[in-house]
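Here are a few friendly notes to read alongside the model. Please keep the 3D view open as you go through the points.

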Amino acid sequence: MEKKENYLPIIIESLIFGKNSDYPLYIRSGENYILYRSKALIFSQNDALRLKNNGVNRLYIKNEDKEKYDNDVLEHIENIVNSKDLGFEEKAVKIYIYSKVYAEYVLTTGNLKNNKENIKKTIETMIDYLLISEFAFMNLLNLSDYDHNEVSHGINVSIYAMSLANRLGFTNKISLFEIGLAGLLHDIGKLKIPKTFLLKKELNENELKEVQTHPIYSKEFLIQNNMENNDIINGVLDHHEASDGSGYPFGKTEENISTYGKILIIANRFDSLTRSGPYRIKLNMADALNQMNLNNDLYNNAFLTEFSLLMSKKISLSHSPAQEL
Ligand SMILES: [Fe+2]
């Protein structure tokens, strides 16, 4: 029997409907992987629906076919934003799905090396979408699940951070990309921390210290992966600091917190408050924003004001999707 390590899970919607793939697809049944579609057979939207109706959320490909799959996806991603066949919201759905595919690979395995190009393309596509209109980010966020989930947390922090940065005047795509990447990877150091600590309600002193070391682990991870950009590294390192010095791991104060860090602190806090976790009940967006403004000593005030303005628009429009301007 073939081993589990030989197969990679893929999100069904990431397959390109109507296209005959160059590789076979498998279904997992217990410990076994069963051939579902041999290569060259077309996979349609109806097939996807049928699988979903049967409670199947993932298909599998063999590890050796990952490159072919990635090439298909990358070719497709590039065309989403400019596609004439997809509506503004449909584009958001596709982009969110692909960001999930690669965020999931990286954030659950820590394997950034083999996914650098995919992550880069995904964030660049998000930026192209976000720049269509100031409130385009809302459509991407509408697709997030707000449960305790490191993958969607990484994606959301990335989206909030890029949207805030854009509003603050970081309009060139290189800065937006750096901020988006820092947002996506800020918690990757948590992979080094025992899962039991992360899910526990009450931690003892040593456990808490270990959990609060994760920004340092994230920094180390980036350096091990040949990251040389200090703005990204420092942004990630500072994402739990606070302007009044009450944050961690170093208790830095406003003047010593990096600019990307100041953005990530706000993005991270807002997404954490609005999602459920092992030790908190999630707040709605308006309450989260109020709570942050009541504790504004923790944040760069100018950035918080801009974020509040951006998000109050989202809150007031939360039942109607953003339109293309
Ligand atoms: Fe964190």
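1. α7 passes α12 in a right-handed crossing; a crossing counts as right-handed if the near helix is turned clockwise from the far one by less than a right angle, and left-handed if anticlockwise. α7 covers residues 173–185 and α12 residues 259–273, and the two pack at about 50° with their axes 10 Å apart. Axes here are lines fitted to C-alpha atoms, for helices over the stretch in contact, and angles run from 0 to 180 degrees between N-to-C directions. The pair is therefore oblique, the class left over once angles under 35 degrees (roughly parallel), over 145 (roughly antiparallel) and 65 to 115 (roughly perpendicular) are taken out.

2. A caution on provenance: this is a predicted model, where local features need pLDDT of at least 70, side-chain atom pairs count only at pLDDT 80 or more, and totals for chains, interfaces and linings use all residues. Residues are numbered from 1 along each chain as its sequence is written.

3. Which residues form the contact of α7 with α12? Glu-178, Ile-179, Ala-182 and Gly-183 come from α7, and Tyr-260, Ile-263, Leu-264 and Ala-267 from α12, with contact meaning C-beta atoms, placed from the backbone, within 7 Å. By class there are 6 nonpolar, 1 polar and 1 charged residues (nonpolar: Ala, Val, Leu, Ile, Met, Phe, Trp, Tyr, Cys and Pro; charged: Asp, Glu, Lys and Arg; polar: the others, Gly among them).

4. Now for α10 (residues 214–224) and α11 (residues 230–237): their axes come within 8 Å and cross at roughly 155°, so the two helices are roughly antiparallel. This crossing is right-handed. On the α10 side the contact uses Pro-215, Ile-216, Ser-218, Lys-219, Leu-222 and Ile-223, which meet Ile-232, Ile-233, Val-236 and Leu-237 of α11. The contact divides into 8 nonpolar, 1 polar and 1 charged residues.

5. Is helix α1 well covered or hardly covered? Hardly: among its 9 residues, 45–53, the count of buried residues is 0 (buried means 20 or more other C-beta atoms within 10 Å of a residue's own, with C-beta atoms placed from the backbone). Just after α1, Gly-55 has a positive phi of about 75°.

6. On the domain level, the assignment, which is automatic or from a database, gives domain 1 (1–66) and domain 2 (81–316). Their C-alpha centres lie 30 Å apart. Each domain puts 4 residues into the contact, and the domain 1 side has 2 nonpolar, 1 polar and 1 charged residues.

How values were computed
Contact = placed C-beta atoms within 7 Å. Buried ≥ 20, exposed ≤ 12 C-beta atoms within 10 Å, placed from the backbone. Helix = DSSP H or I, 4+ residues; strand = E, 2+ residues; numbered from the N terminus.
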